[in-house]
Amino acid sequence: MGVRIGAVNYLNTKPLIHDLDVLAPSAELVLDLPSRLATRLAGGSLDVALIPVIEYFRAGTYTCVPN
């Protein structure tokens, strides 16, 4: 099983997920609303996700991916 990645299907995130299927063919991309991605990340059904910044501070255990 590959990495489970959560992202939003908004225009400003298209560059981040463009060609992801080529770059990481074993990854599973899940598109959803930011609040739902945060809930899924906290629940463990995602390994990494684009979430609202406030959720980073609420959880206190997440790591930001730089650049």
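Trainee: What makes the contact between the side chains of Glu55 and Arg58 a salt bridge?
Mentor: The model is a predicted one, and in it the side chains of Glu55 and Arg58 meet at 2.8 Å, N to O. A salt bridge requires a side-chain nitrogen of Lys or Arg within 4 Å of a carboxyl oxygen of Asp or Glu, so the pair qualifies. Both residues lie in helix 4, three residues apart, which is about one turn of the helix. In general, residues three or four places apart in an α-helix point the same way, because there are 3.6 residues a turn.

Trainee: Why is Glu55 called partly exposed, and why is Arg58 called exposed?
Mentor: Exposed means over 50% relative accessible area and buried means under 20%, with partly exposed in between. Glu55, with 21%, therefore counts as partly exposed, whereas Arg58, with 60%, is exposed.

Trainee: How many salt bridges does a search of the whole structure find?
Mentor: The search finds four. One of them joins the side chains of Asp47 and Arg4 at 2.9 Å, N to O. Asp47 lies in the loop between helix 3 and strand 3 and Arg4 in strand 1, so this pair ties together parts that are 43 residues apart in sequence.

Trainee: Is Arg4 buried or exposed, and what does Arg4 touch?
Mentor: Arg4 has a relative accessible area of 18%, and since buried means under 20%, Arg4 is buried. Not counting residues up to four places away in sequence, Arg4 touches Glu28, Gly44, Ser45, Leu46, Asp47 and Val48.

Trainee: Which residues are linked in a network of salt bridges?
Mentor: The network links Asp32, Arg36 and Arg40. Within it, the side chains of Arg40 and Asp32 meet at 3.4 Å, N to O, and the cut-off is 4 Å, so this pair is a salt bridge. Asp32 is buried, with a relative accessible area of 18%, while Arg40 is partly exposed, with 31%.

Trainee: How do you know that the buried residues of helix 3 are on the same side?
Mentor: The buried residues of helix 3, which spans residues 34-43, are Leu37, Ala38 and Leu41. They cover an arc of only 100° around the axis, which puts them on the same side of helix 3. The face turned away from that buried side carries the exposed residues Thr39 and Gly43.

Trainee: What do the buried residues of helix 3 pack against, and what follows the helix?
Mentor: They pack against strand 1 (4-7), strand 2 (28-31), strand 3 (48-49) and helix 4 (53-59). Helix 3 is followed by Gly44, whose phi is positive, near 90°.

Trainee: Which residues make up the largest nonpolar core?
Mentor: The core has six residues in all, namely Val8, Val30, Leu37, Leu41, Leu46 and Ala49. Leu37 and Leu41 are also among the buried residues of helix 3. As a general rule, nonpolar side chains in soluble globular proteins tend to be buried together. Leaving aside neighbours within four places in sequence, Val8 is in contact with Thr13, Ile17, Leu31, Asp32, Leu33, Pro34 and Leu37.

Trainee: Why is Thr13 called buried?
Mentor: Thr13 has a relative accessible area of 6%, and the cut-off for buried is under 20%, so the label holds. Thr13 lies in the loop between strand 1 and helix 1 (14-17), and its side chain reaches the backbone oxygen of Tyr10 at 2.8 Å.

Trainee: What makes the aromatic pair edge-to-face?
Mentor: The structure holds one aromatic pair. Tyr56 and Phe57 form this pair, with 5.1 Å centre to centre and 80° between the planes. Tyr56 is partly exposed at 29%, whereas Phe57, at 59%, counts as exposed.

Trainee: Where is Asp19 found, and what is its phi?
Mentor: Asp19 is found in the loop between helix 1 and helix 2 (20-23), and has a positive phi of about 65° although it is not a glycine. With a relative accessible area of 39%, Asp19 is partly exposed.

Key: Residues numbered from 1 in each chain as written. Predicted model: local features only at pLDDT ≥ 70, side-chain atom pairs only at ≥ 80, totals over all residues. Heavy atoms only, no water. Phe/Tyr/Trp six-rings, centres within 6.5 Å; stacked < 30°, edge-to-face > 60°. Buried < 20%, exposed > 50% of the residue type's maximum accessible area, 1.4 Å probe, protein only. Helix = DSSP H or I, 4+ residues; strand = E, 2+ residues; numbered from the N terminus. Arc of directions from axis to C-beta. Contact = heavy atoms within 4.5 Å. Core = buried A, V, L, I, M, F, W, Y, C linked by side-chain atoms within 4.5 Å. Polar contact = N/O pair within 3.5 Å; in protein donor to acceptor, adjacent residues only side chain to side chain.
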